[in-house]
Amino acid sequence: MFFNYNLRIVFATILITQFLLAQDTTKPEKYTAHNKGKFFVYWGGNRESYTKSDIRFYGNDYDFTLQNVTAYDKPKGWHVDYVNPSRMTIPQTNFRVGYFINDHYNITIGVDHMKYVMAQNRAVDINGFYPNQGTYGETLPNGQVLLTEDFLTFEHTDGLNYINTDFGRVDDISKLFRITNTDKFQINVTEAVGIGLLYPKTNAKLLGNNRHDDFHVSGYGVSAKVGLNFTFFKYFFIQTELKGGYINLNDIRTTENSSDRAEQKFFFLQKIIVLGGIFKL
């Protein structure tokens with residue numbers, strides 16, 4: 001009888017085990033289920049818009065401010081230079097590398113290579129003084145000047161280079177679109193705030209003087225952005241972003257004379273599209 005009792009326990013244990021195994025529908029965890037410990041990198045292009053700004057120019061014998069100056073970017077368009085290693089710095093570009101400290105939050109560092117061009121041949125208000133006034137074809141009535149090329153050309157086109165670090169968040173919204181296999185296709189929403197330095201190579205021709213023509217740390221910026229990330233086959237993604245911010249250029253080099261400087265403040269808006277990869281080391 002004791003033997004039969006033990007045999008019944010063994011058979012009952014086997015049946016319970018088989019039942020539990022039959023109920024186990026656990027599937028292997030998807031690569032895209034977690035981000036912690038992953039690195040990512042991306043490269044792409046941008047377009048910019050800028051608010052009007054007051055620009056002050058000063059040196060040993062002049063100090064004047066141009067008011068409400070208009071500027072625009074200098075797009076390259078769809079071009080092979082974006083992928084040509086010897087010419088990748090010519091277009092307006094964005095490069096960034098990042099690391100996920102947990103499943104949602106990441107820290108990144110990158111360069112926004114923007115371009116800023118002052119609109120030429122516009123009438124603007126001016127206050128201050130400078131030598132040889134009226135000899136550059138610039139003088140207008142009512143306290144205005146015409147931004148002629150002889151008077152002033154002013155660009156940050158070898159880069160309005162915003163070298164910045166971001167603190168960002170990523171959230172998977174694939175379920176909203178009834179996407180179940182995120183290892184094949186995943187949609188994420190991204191947000192970030194950032195801060196950094198401006199390192200432009202300003203192209204300025206001021207009052208007939210030769211330009212400085214070298215890179216110089218000229219100020220700082222703060223920014224925020226939102227975007228959509230489309231990840232394909234776990235490792236590759238396309239990301240679109242809207243990024244806005246404030247730039248304070250308080251120490252711009254303009255000419256070969258080290259005493260010649262400029263300063264300006266403005267807001268910017270970037271529209272960005274990039275290609276990238278995400279992986280674990």
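Student: Over the face of which residue does Lys38 lie, and at what distance from the ring centre?
Tutor: This is a predicted model in which local features need pLDDT of at least 70 and side-chain atom pairs count only at pLDDT 80 or more, while totals for chains, interfaces and linings use all residues. Residues are numbered from 1 along each chain as its sequence is written, and side-chain values use heavy atoms, with hydrogens and water left out. A charge sits over a ring if NZ of Lys or CZ of Arg is within 6 Å of the ring centre and within 35 degrees of the ring normal. Lys38 lies over the face of Tyr31, and the distance from the ring centre is 3.9 Å.

Student: Over which ring does the charged end of Arg56 sit?
Tutor: Here the charge belongs to Arg56, and its distance from the ring centre is 4.2 Å. The ring under the charged end of Arg56 is that of Tyr58.

Student: How many helices and strands are there in the chain?
Tutor: Helices (H or I, at least four residues) and strands (E, at least two) are DSSP runs, numbered from the N terminus. In the chain these come to one helix and 15 strands.

Student: How many bridges join strand 13 to strand 14?
Tutor: Two strands pair if DSSP finds at least two bridges between them. Strand 13 covers residues 219-232 and strand 14 residues 236-253, and the two run antiparallel. Tyr220 is placed opposite Asn248 of strand 14. The number of bridges joining strand 13 to strand 14 is 14.

Student: Which residue takes a positive phi in the hairpin of strand 13 and strand 14?
Tutor: Three residues lie between the strands of this hairpin. The one with a positive phi, near 50 degrees, is Phe233.

Student: In strand 15, what is the bridge partner of Leu242?
Tutor: Strand 14 also pairs with strand 15 (residues 261-279), in the antiparallel sense and over 16 bridges. Within strand 15, Leu242 has as its bridge partner Lys271.

Student: Is Asn250 buried, partly exposed or exposed?
Tutor: Buried means under 20% relative accessible area, exposed over 50%, and partly exposed in between (1.4 Å probe, protein chains only). Asn250 is found in strand 14, and contacts (heavy atoms within 4.5 Å) beyond its neighbours within four places in sequence include Tyr220 and Ala262. Its relative accessible area is 40%, so Asn250 is partly exposed.

Student: How many aromatic pairs does the structure hold, and how is the pair of Phe40 and Phe100 classed?
Tutor: Rings of Phe, Tyr and Trp (its six-membered ring) pair if their centres lie within 6.5 Å; planes under 30 degrees apart count as stacked, over 60 as edge-to-face and the rest as tilted. The structure holds 22 such pairs. Phe40 and Phe100 have ring centres 5.5 Å apart and planes at 55 degrees, so this pair is tilted.

Student: How is the aromatic pair of Tyr116 and Phe266 classed?
Tutor: The two rings are 5.1 Å apart centre to centre, with 25 degrees between the planes. Both Tyr116 and Phe266 are buried. By its angle, the pair of Tyr116 and Phe266 is stacked.
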